[in-house]
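Please look over the model below before reading on. My points follow it, one topic at a time.

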Amino acid sequence: MAAVSLKDVRKSYTSDLQVIHGVSMEIKDGEFIVILGPSGCGKSTLLRMVAGLETITGGEIVIGGRVVNNLEPKDRDIAMVFQNYALYPHMSVYDNMAYGLRIRGLAKVEIDTRVQKAAEILELKKFLGRKPREMSGGQRQRVAMGRAIVREPQVFLFDEPLSNLDAKLRVQMRGELQALHRRLGTTSLFVTHDQVEAMTLAQRMIVMNAGRAEQIGAPLEVYARPATTFVAGFIGSPPMNLIPKEGRLLGIRPEHLEPCAESEAMLTVAVDLIEPLGADTIVYGHITGDPDGKPDGDGSSARVAARLPANAVAQAGKLALRYDPANVHWYDPQSGKRIEQ
Amino acid sequence: MVENRPWLTFFSHAVLIAGVVAVAFPLYITFVASTLTLEDIVKVPMPLVPGPHFWENYSQVLTAGSERGAAAPVGRMMFNSLVMALVIAFGKIAISIIASFAIVYFRFPLRNFFFWMIFITLMLPVEVRIIPTFKVASDLGILNSYVGLTLPLIASATATFLFRQFFMTVPDELAEAARVDGASPMRFFVDVLLPLSKTSIAALFVIQFIYGWNQYLWPLLITTDESMYTAVIGIKRMITGGDALTEWHLVMATAILALLPPALVVVLMQKWFVKGLVETEK
Amino acid sequence: MEKRVVFRSAWLPYALVAPQLAITIVFFFWPAFQAAWFSFQLQDAFGLKTEFVGLRNFAELFNDPHYLKSFKITALFSVLVAVIGIAVSLLLATMADRVLRGALAYKTLLIWPYAVAPAVAAVLWAFLFAPSVGIITFALKQIGVEWNYVLQGDQAMALVVIASVWKQISYNFLFFLAWLQSVPKSLIEAAAIDGAGPMRRFWTVVFPLLAPTTFFLLVVNMVYAFFETFGVIDATTQGGPAGATQILVYKVYHDGFKSQDLGGSSAQSVVLMIIVIALTVIQFRFVERKVHY
């Protein structure tokens, strides 16, 4: 197991097409890191650079104290789980897991011990003789993980490994991944576009946008103090409301809005849509004083979402809302950066 | 079918049966003739049912050839045809699959140029460069040899295309997984790509076996020694001048022998044959 | 289309393409280049002196009535082979697509001629049509047709066309059948609901969908008739009688090998190369278009 450090890592295809704009991060030994971002943000590219599947055009990647920039994937002591699993279709489950070990020239007995152990952990024992096409998506996913586990690498790399599974299985696999990490304690990098996966799995996460790391931090910290408007708008469902106010952007999470009497209203919105979800009710609207949604004097055309208790009476028309000023975030509209109070 | 029209179904069957009969007729007559004596055949019209001389005629051509035309035994010619068909089929598959592997899985200077060079061979069939190709073979001293029969026909743009196309459909992640597993390029090729290419190889084998077995012009040019004749050439060499002089019963027995192996390959490997035929043209 | 991942090696890819390239260069490019080179030269009768004569071989070629005749014969031959072959195969494939019972048996019984070498196919038919012993010759005589392809040019042409078409039917048949089976059934059903009968459906719905296929097969069949039928001609008529079946490929062989006219034969080779290139380009244009659908 090893620490990983990214030092101003950059990637460009041509001089004017840069896809990773300098990402730096120190990953501690045994840490579970999630790289989160929308599609096309460069998160997979970053992971593949760590794996050695993409060349690094600037900066350094260090794994276990070794600069690996110019090492082949096999020499980096990493294992990777792919989105589509990438199992060898003509090999049995056993051979899929054993293949990398055989290439490394491990003794037969040692290979067998490791494969049996991984199969035990992943409950794959009775499938060892099967071909991947004879298995379900969830089982294939386990085989892909088994292939990584048997290698006993310093770092696990996961490239959206759960996104091909259905919702229920995804929840289950998430739990198994967490259990696995607790058990093995291997440093892990996990790429996903799903914020729930990121929030639940990560010890720390990197939120990426357009080839930049917008914020690095523990999930709750990122949620509580988004560093940029991008992070504020990307994490949380519905995301944080960003309302132009006095030349700045006022950020307030939907759950921090509460209905109140018109006289105490800090915000008044015209309701557009009500979504009763059972546990709570989400109300979408736009700020009034501006019935068409056109900017008024303040430039406040903002859409607003509020998460209200299920028993709150929500109806079409106007809704008065208030919030605790302690829950307000401020952002600079030009740079999108957080303004500390 | 969309609607039930008995007369149309009947008509369809009638047309198909007529087609099958028309296609099979020459083969049937050939077979009948191969079981008769020459006297039976020249007694016009010849009988339309097989005669009793099957073993006699076939053992004659297999071991001794014809009497008036080429005297080489057809057994030897069939062996030559088999060698030619197998070497061409496997040779084409082997050199094409490694060339496609290089072109698909590596980036290297001149890669596109090489690809186009292979592509252009499609436009240069032996038939348009008969004399100079013969000269090259003659200068290399490979006339009347198995090398001469096979090597010049082994380059294949179609096989290279087919493999290239197939490799493009193999998910990228498989090669990445192999790299992460520590497989060298050749190891990936042998352990992963080759097993996955099995059906493409089978399909190409059928097509190329037939191609090799049925070669005519090239063996005609470079084999002058009877012991190097292929079965297809042998037949032509047995037809000597006027049709009354030709030993038709022996020619027909040879024809059956010459068409049997490729026909069997097509019928027995029908699935791969159809796949190979349709895909090599895409 | 390109692979995202690649392996890296400074020498391996070259080693892998080397065998293919070596054969290509030695047996394809070098001879083709030589053909082009010889076509600008004239050799004396003893092969001792060669002289650069520019385009004279070509000029002579196109002033040679025999060559022009061979051109016309090739055109006639290839059009007959392509059109008859396609028409017959389309009919058979349409019928095979209709029937449910016995479809596989019909298919198996119709595809085997593909395996027969053109030269062997020609010998089979030449036997049936042999002037003195042929069984079809005999049958034709009964209905008053005098048949002797050895003497009659048009009969010789008929023989080589029949033999060539017979061998090629299976190929066309398989392609048509594959494409017919890929026409969505819902389309046919929609047409049936609109009230179109089987014939009308075929010409207004199915055939337009097959038109690009048919064009593709036309080109493939032309190439077949141009080049691969050498064996048919050589095993039966050998270009005769009086050049009635002397197609271009056969003439290159005849002039180069039998008459030893190196310059003239090479000039013919060059003309043929230009024709193949043109046909191949047309074929690939088609393939490209198909890809874009």
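**Notes on the predicted model**

1. A cis proline. A:P238 sits in the loop between α8 (229-234) and β11 (241-245) of chain A. The peptide bond from A:S237 to A:P238 is cis, with omega near -10°.

2. Ground rules. This is a predicted model, in which local features need pLDDT of at least 70, side-chain atom pairs count only at pLDDT 80 or more, and totals for chains, interfaces and linings use all residues. Residues are numbered from 1 along each chain as its sequence is written, while chains are lettered from A and ligands numbered from 1 in the order in which they are written.

3. Confidence in chain A. pLDDT is the predictor's confidence in each residue, from 0 to 100. Chain A averages 89, and 95% of its residues score at least 70. A contact means two C-beta atoms, placed from the backbone, within 7 Å. Where pLDDT is low, the predicted coordinates should not be read in detail.

4. Chain B against chain A. Here 14 residues of chain B are in contact with 17 residues of chain A. On the chain B side, α9 (172-180) and α10 (185-196) each supply at least two residues. α9(B) gives the most, with six residues. That side of chain B divides into eight nonpolar, one polar and five charged residues. The classes are these: Ala, Val, Leu, Ile, Met, Phe, Trp, Tyr, Cys and Pro are nonpolar, Asp, Glu, Lys and Arg are charged, and the others, Gly among them, are polar.

5. Chain C against chain B. In this interface 84 residues of chain C are in contact with 85 residues of chain B. Helix α1 (residues 12-38) of chain C supplies the largest share of the chain C side, 18 residues. The chain C side divides into 67 nonpolar, twelve polar and five charged residues.

6. The core. The largest nonpolar core has 275 residues. Such a core is a set of buried Ala, Val, Leu, Ile, Met, Phe, Trp, Tyr and Cys residues joined through C-beta atoms within 7 Å. C:V120, C:V123 and C:W125 have the most contacts inside this core. Its largest share, 17 residues, comes from helix α4 (residues 74-105) of chain B. Leaving aside neighbours within four places in sequence, C:V120 is in contact with B:V232, B:I235, B:A255, B:A258 and B:L259.

7. Chain C overall. Chain C holds twelve helices and two strands. Its C-alpha trace spans about 75 × 75 × 30 Å along the principal axes. Of its 293 residues, 44% are buried. Buried means 20 or more other C-beta atoms within 10 Å of the residue's own, exposed means 12 or fewer, and partly exposed lies in between, with C-beta atoms placed from the backbone.

8. What is the bend of α1(C) at C:A18? About 45°, and a proline, C:P19, follows within four residues. The bend at a residue is the angle between axes fitted to the seven residues ending there and the seven starting there. Helix α7 (residues 153-182) of chain C bends by about 40° at C:Q168. α7(C) has 30 residues and reaches 43 Å from its first C-alpha to its last, close to the 44 Å expected at 1.5 Å a residue. That expected span is 1.5 Å times one less than the number of residues. Because 22 of the 30 residues are buried, α7(C) is largely enclosed by the rest of the structure.

9. A buried loop residue. B:L36 lies in the loop between α1 (6-33) and α2 (38-42) of chain B. B:L36 counts as buried because it has 23 C-beta neighbours inside 10 Å. Not counting residues up to four places away in sequence, B:L36 touches B:I41, B:M46, B:P47, B:G51, B:H53 and B:H249.

10. Positive phi in chain C. C:Q238 has phi near 50°, a positive value in a residue other than glycine. C:Q238 is in the loop between α10 (230-235) and α11 (248-258). C:A242, also in the loop between α10 and α11, has a positive phi of about 50° although it is not a glycine. Buried or exposed: which is C:A242? C:A242 is exposed, with 11 C-beta neighbours inside 10 Å. C:Q238 is partly exposed, with 15 other C-beta atoms within 10 Å.
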